[in-house]
Structures are given as structure tokens and as C-alpha cells.
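Colleague: I am new to this structure and would like a guided tour. Could we go through it topic by topic?

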Amino acid sequence: MRGAAIDPKHFRSVMGSFPTGVAVVATAWDHELFGATVNSLTSVSLQPCILLFCTTEGSATGAAIRKRGLFSVNILGAHQLDLSARFTGKQKNRFEDLAVAFSSDGLPLLQGAAAQMCCRVTTVHKAGDHDIILGEVMSGDEMACSPLVFHKGAYGHFQRA
């Protein structure tokens, strides 16, 4: 499969064939809340428990997470489709009028999420036009609900076979 590099638009389409969950990563820094929608969330290790996600280079949320060194992961349920769009848009105060609780470390936790984790940044790697942020999971919780799924540019939900 050698040859010219794949076109970025075609690459995005090909990768869209891989369905993913949807999460909002968030932190509080300098008296402000930051959050961004990601679908690049992956478990990396069980000993210790480490996960990774990617943010666009220059992302305000990514910068705040790197500075604070702590972040929350809110895995969205199918009933939270509106939150995915809210945390990808240009809305200034993404947390306005939302039901948000806070961890003991002051990390924002979106109420009604399918799962939530609080993490400590362990490593940040540059990769093309994104940053890969690895975090050790310090705590986590889950609720019974159908997860929000993203596939080929559209949202849906998971149904067991």
C-alpha cells in the first residue's frame, strides 16, 4: 500500500467507518470551566488505569487541561446528543444552564452522563495537528443507559444484538 499519502478528507471518511462513543472532557482553570467533545477516547492500561484522548492543537480546553493537570471525562448517553454539539461549537460559556456537579478536586461532572471519570495528566504528545493527552484515572462511576454513538458523521445509539 505504498504510494502517495491519503487525502485528509478521504482519511476522515475512512475513519468514520469506525463507530465511537462520544465524551466531553472538562476541567476548571483560573476560575473558568473548559470542555470539549471528543470521540478519540481509548483505554491504554489497566495497571495503572490510563486512558488517552486527543484535542486539536491550540484548543483552549486542551491548554487548560495541560495547565491544570487534572480533567474529567463525561461519556455521553444517547439522551445527551445536544451536549455533543454544545461542546464542539463556538459557544462562549458551554456550561451555562447545565446540570453540573463537581468532584472533590473541582472538576466539572455533567449530570446524567453514562459514565464519569476524574483523571490526572501523565503525558502529552504532539501528533500532527493534535495533542494526545494521557491521564491516569483516579476515580470513575457509571449509570445504566444507552451510550451516544458517532458513525459516518451521524449520531445514533447502541443496541445489543
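This is a predicted model: local features need pLDDT of at least 70, side-chain atom pairs count only at pLDDT 80 or more; totals for chains, interfaces and linings use all residues.

Colleague: How many disulfides are found in the whole structure?

Modeller: The search finds zero disulfides, a disulfide being a pair of cysteine sulfur atoms within 2.5 Å. For C49, the nearest cysteine sulfur is that of C119, 9.8 Å away.

Colleague: Is C118 buried or exposed?

Modeller: C118 is buried, at 10% relative accessibility. Buried means under 20% relative accessible area, exposed means over 50%, and partly exposed lies in between, using a 1.4 Å probe and protein chains only. C49, at 38%, counts as partly exposed.

Colleague: Changing topic, how many aromatic pairs are there?

Modeller: The whole structure has three aromatic pairs. One of them joins F87 and F95 edge-to-face, with 5.0 Å centre to centre and 75° between the planes. Rings of Phe, Tyr and Trp (its six-membered ring) pair if their centres lie within 6.5 Å; planes under 30 degrees apart count as stacked, over 60 as edge-to-face and the rest as tilted. F87 is buried at 1% relative accessibility, and F95 is buried at 7%.

Colleague: In what order do the three strands of the open sheet lie?

Modeller: The order is 1-11-12, with antiparallel pairing. Strands (E, at least two residues) and helices (H or I, at least four) are DSSP runs numbered from the N terminus, and two strands pair if DSSP finds at least two bridges between them. Strand 1 (20-21) and strand 12 (154-157) are at the edges with a single partner strand each, so one side of each has no neighbour in the sheet.

Colleague: What joins strand 1 to strand 11?

Modeller: Two bridges join strand 1 to strand 11 (residues 148-151). G21 has V149 in strand 11 as its bridge partner.

Colleague: Which residues touch the most other members of the largest nonpolar core?

Modeller: They are V25, L51, F53, I65, F71 and V73, in a core of 13 residues. Strand 9 gives the most to this core, with three residues. A second, separate core has nine residues, including A26, L76, F95 and L110. Such a core is a set of buried Ala, Val, Leu, Ile, Met, Phe, Trp, Tyr and Cys residues joined through side-chain atoms within 4.5 Å.

Colleague: What is the volume of the largest pocket?

Modeller: The volume is about 1,700 Å³, meaning the space filled by probe spheres set on grid points, which are joined across faces, edges and corners. On a 1 Å grid over the protein atoms alone, a pocket is an open set of points where a 1.4 Å probe fits, with protein on both sides within 12 Å along at least five of seven lines; lining residues have an atom within 4 Å of a point.

Colleague: Which lining residues are closest to its centre?

Modeller: Of the 46 lining residues, T37, V38, N39, T56 and H130 are the closest. Strand 3 gives the most to the lining, with seven residues.

Notes. Residues are numbered from 1 along each chain as its sequence is written. Side-chain values use heavy atoms; hydrogens and water are left out.
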